[in-house]
Amino acid sequence: MNYGIIKRTLGWLLLFETCFFCVPVITALVYREKEVFDFLFTMLITATLGGLFLIGKPKKDRLFAKEGIVITALSWILMSLFGAIPLYTSGGYPTYVDALFEIVSGFTTTGASVLPSDSVAALPKCILMWRSFTHWIGGMGVLVFIMVFLPLCGGGRNMNIMKAESPGPSVGKLLPKMRSTAGVLYLIYTAMTLLQFVLLVFDMPVFDAINTSFATAGTGGFAIKADGFAGYSSYSQIVVTVFMVLFSINFASYFFILRGKFKEALNTEVRVFLGVVVSAITLITVDLCISNVLQVGDAIKHSAFSVSSVISTTGFATENFDTWPAFSKTILVLCMFIGACAGSTGGGIKVSRFVILFKGVRHETQRMLHPKRIKKITMDGKVVEHEVVRGVNNYLIAFVAIFVVSLLLISLDGKDLVTNFTAITATINNIGPGLGAVGPAGHFGDFSILSKIVFIFDMLIGRLEIFPMLLLFMPATWRK
Amino acid sequence: MNIIIIGCGRVGRTLAQKLNEDGNAVTVIDSNADNVNRVTSRCDVMGIVGNGATHTVQREAGIETADLMIAVTGSDELNLLCCLVAKKESECQTIARVKNPEYSGDAPYLKDELGLAMVINPEYASAEEIARVLRFPFALKIEPFAKGKVELIKFKLPKGNEIIGMSVKEVISKYNSDLLICAIEREEESYIPNGDFVFEEKDVVSIVATPKNAYEFFANIKCKGHSIKNALIVGGGVVTHYLCEILEKSHIALTVVEKDLKRCEELSTLWSKVKVIHGDGTDHDLLLEEGVEKCGAFVALSDSDEENVLLSLFAKGEGCEKTVTKVNRIDYDNVLAQLELDASVCPRIITSDTILRYVRATENAVGSNVETLYNIIPGQIEAAEFIVRENSPIIGTPLYKLKFKKDVLIGSITRGKETLIPRGNDIIQAGDAVVVISKRIGLYDIADILK
């Protein structure tokens with residue numbers, strides 16, 4: 001393990017986080033809020049510590065897969081630990097663990113809150129801005145952001161960091177150089193965020209438009225109003241619906257569109273994803289109409305919003321879907337597990353993993369008919385390597401195992417099964433709201449400290465796709 | 001530059017790494033996913049799995065925007081096809097590796113008619129290098145420098161030589177030699193010496209001089225500089241074939257030991273002057289019988305690196321004065337350097353160096369005014385050739401008055417047809433071709449060498 005380079009990368013991370021704090025500081029200055037000092041205080045800590053970390057040059061700049069993964073996991077933990085400080089010192093959150101939950105929920109683009117929605121609305125504007133901004137930076141990944149500006153380490157080793165931080169079963173480059181790949185991703189990301197902001201700013205206050213754009217872009221879902229998203233006009237709701245879907249599509253697709261390769265842009269994963277979205281909306285609309293919950297027009301609007309919100313793992317709500325019929329709720333929970341496309345800012349298990357899994361199952365049944373048949377799983381005309389298939393299978397097993405253990409741990413709090421089950425679903429898939437006590441109208445504040453720590457862990461596990469976090473707990477990782 | 005490399009074998013890997021280090025955007029293509037992964041996990045390049053000779057794969061790699069396509073797969077025909085397809089798809093320059101001796105005569109045709117920018121034959125390039133070493137056995141490496149008018153000669157100071165303990169200044173004045181000592185490797189460090197640098201035993205010294213001056217210098221310092229009369233070659237592969245071709249008209253008598261009878265017959269028909277022995281080159285009785293201890297040079301060119309290293313060590317032990325070892329696969333240069341081998345040639349490195357020189361030259365033609373770039377000590381010391389422009393700040397001042405950066409040396413000045421080794425009183429003029437030796441500091445203009 002090359003501790004020198006890990007230390008240096010973490011140093012840079014802290015310095016970058018110091019810069020990120022400028023966003024809430026500016027907000028606080030604009031609205032003349034006294035919480036500016038909480039942020040300035042934290043900036044002082046991160047800047048000093050980051051500077052200290054950067055003293056001394058690492059002996060070797062070799063960075064193997066192991067270091068890349070450890071750097072990613074540690075970066076996310078460190079960034080959250082410091083990001084939570086201003087939330088706690090400003091007094092808005094009862095304990096440091098609550099503040100940490102909130103900021104991890106921000107960085108991992110979960111959007112679950114420990115505060116009831118009316119106390120969220122009462123938070124200072126700079127705190128609200130910081131929460132939303134963590135969504136934006138966490139969505140595409142903070143280390144990818146740093147890579148746009150800094151060559152973290154020489155050669156192709158940066159790829160190890162990108163692989164650990166970007167979601168999906170197989171992460172590839174868009175351009176030969178890591179730095180240009182990271183640059184293109186953030187360029188597309190920024191452009192789309194700006195576009196959404198422009199579309200929204202006609203219809204809502206600037207502050208709301210900025211927050212909503214950040215939260216949608218990162219598919220995060222922190223609401224800044226007591227009634228969530230219900231209070232905004234239909235126009236804004238439709239814009240957000242569309243952008244939630246757009247941000248959960250693989251960013252490589254946008255890159256292909258920019259290059260005029262439309263066929264590559266509309267690959268299997270995107271087609272399946274859009275198919276799932278449309279079918280889920282249709283089924284829920286029909287169910288809502290039949291059970292007379294809503295009129296047709298409203299049913300389409302609210303089901304489209306909820307499905308997009310849940311499958312993109314954003315977690316905004318216009319309607320409290322906890323009150324919907326069981327069939328609709330079940331579809332929403334299923335969508336929570338499916339999640340967005342690989343290479344997007346969304347969470348969940350990812351559509352491409354399901355595509356590979358189902359192809360694997362079909363493959364297996366065919367082998368039962370013709371035991372000697374040789375056939376490789378393909379996707380978009382390319383062979384899916386055995387290692388990728390194996391990775392997907394193991395991912396699912398690890399996912400289920402962590403899910404079960406987490407469920408057991410939080411059930412100690414004595415809440416009902418629906419609440420517990422969807423609470424874990426909503427955190428491990430980075431969605432935000434679940435059903436029952438953690439539904440769109442509820443919050444996570446009533447859980448015990450232990451449960452909150454479990455949630456924090458699950459959110460990080462979900463964002464970093466399990467293995468980086470697990471690796472931190474392996475003694476072999478730290479052995480010299 | 002945007003560069004596509006097809007084929008991720010040894011040469012492809014080395015090229016990808018070096019070109020990436022130079023800051024180019026590199027995409028590699030190979031039909032074997034493992035080979036691609038091996039490159040992409042080590043360097044910051046994009047990898048594509050597929051047949052590089054198909055236009056779909058080339059388009060996926062972005063051939064439309066590429067400046068250069070290098071085909072270095074194992075097959076000559078595939079390499080040429082890759083170049084043809086690339087030519088049809090875009091305006092990029094193409095380089096192909098072509099190994100087969102049957103095509104070697106076609107290189108000019110391929111360049112002119114098929115529009116290839118460069119056809120590189122690793123075995124021929126290696127044979128040329130070996131021939132150079134045989135002509136000048138004292139050297140570890142000889143490279144043409146400044147358009148071939150002067151040579152870059154690398155040699156190891158033998159035990160007890162009289163210049164050990166002398167400084168560079170003393171050596172130059174004592175022997176009144178017109179040459180430049182441009183780099184010294186000592187253990188794992190490399191130095192660009194100034195006048196006060198003192199030679200030590202086992203130093204590997206690189207000098208720049210005209211062949212005549214170098215010969216005189218070696219005679220003066222009593223290093224045996226005479227050319228050899230006969231050489232014993234083990235292995236009758238392609239390199240041997242070219243070596244015979246190059247040395248056919250020289251006075252060096254060649255003996256080739258080859259295992260395969262058919263190959264022996266082919267070689268003896270082609271080169272009647274060469275003595276071809278059918279036998280196992282690893283049989284030391286046979287080598288002794290052929291006079292390994294008395295021969296002027298022993299050249300190990302079998303297919304196995306390990307065998308070559310062992311055979312050369314054996315020949316050295318038996319008293320052969322000069323050994324040349326072909327090492328293609330082994331990456332452990334520092335281990336090889338510890339063995340008492342004289343010269344080693346590596347087709348892979350020769351190929352990648354030749355291509356790199358070309359790439360850097362074309363690249364520099366755009367961004368800066370470096371004409372050519374030479375590696376003196378790979379990865380550490382390089383020499384860059386500049387054409388001095390009218391408005392350059394270094395014109396008209398005697399060199400001793402100019403303030404140079406640390407570790408920078410003017411290697412040679414070529415003015416018209418004359419090449420001179422610079423001294424303090426020389427003055428650089430506009431239009432001169434100046435070679436600057438430096439530790440890799442990224443020179444873009446001759447003015448960069450000044451403080």
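Predicted model: local features only at pLDDT ≥ 70, side-chain atom pairs only at ≥ 80, totals over all residues.
Tutor: Residues are numbered from 1 along each chain as its sequence is written, and chains are lettered from A and ligands numbered from 1 in the order in which they are written.

Student: In what order do the 6 strands of the open sheet in chain B run?
Tutor: Strands are DSSP runs of E, at least two residues; helices are runs of H or I, at least four; both are numbered from the N terminus. Two strands pair if DSSP finds at least two bridges between them. The edge strands, each pairing on one side only, are strand 14 (275-278) and strand 17 (343-345) of chain B. Pairing is parallel, and the order is 14-13-12-15-16-17.

Student: Which residue stands opposite B:Thr255?
Tutor: Look at strand 13 (residues 253-258) of chain B, which pairs with strand 14 of chain B in the parallel sense over 4 bridges. In strand 14 of chain B, the residue opposite B:Thr255 is B:Lys275.

Student: What angle does helix 13 of chain B make with strand 16 of chain B?
Tutor: Axes are lines fitted to C-alpha atoms, for helices over the stretch in contact; angles run from 0 to 180 degrees between N-to-C directions. Contact means C-beta atoms, placed from the backbone, within 7 Å. Helix 13 (residues 305-318) of chain B packs on the sheet and touches strand 12, strand 15 and strand 16 of chain B. Its direction makes an angle with that of strand 16 of about 170 degrees.

Student: Which element of chain B gives the largest share of the side that touches chain A?
Tutor: In all, 11 residues of chain B are in contact with 10 residues of chain A. Two elements give two or more residues to the chain B side: strand 2 (25-30) and helix 2 (33-40). The largest share, 3 residues, comes from strand 2 of chain B.

Student: Is A:Phe251 buried or exposed?
Tutor: A:Phe251 lies in helix 14 (residues 251-258) of chain A. A residue is buried with 20 or more other C-beta atoms within 10 Å of its own, exposed with 12 or fewer, and partly exposed in between. A:Phe251 has 22 C-beta neighbours inside 10 Å, so the class is buried.

Methods
Contact = placed C-beta atoms within 7 Å.
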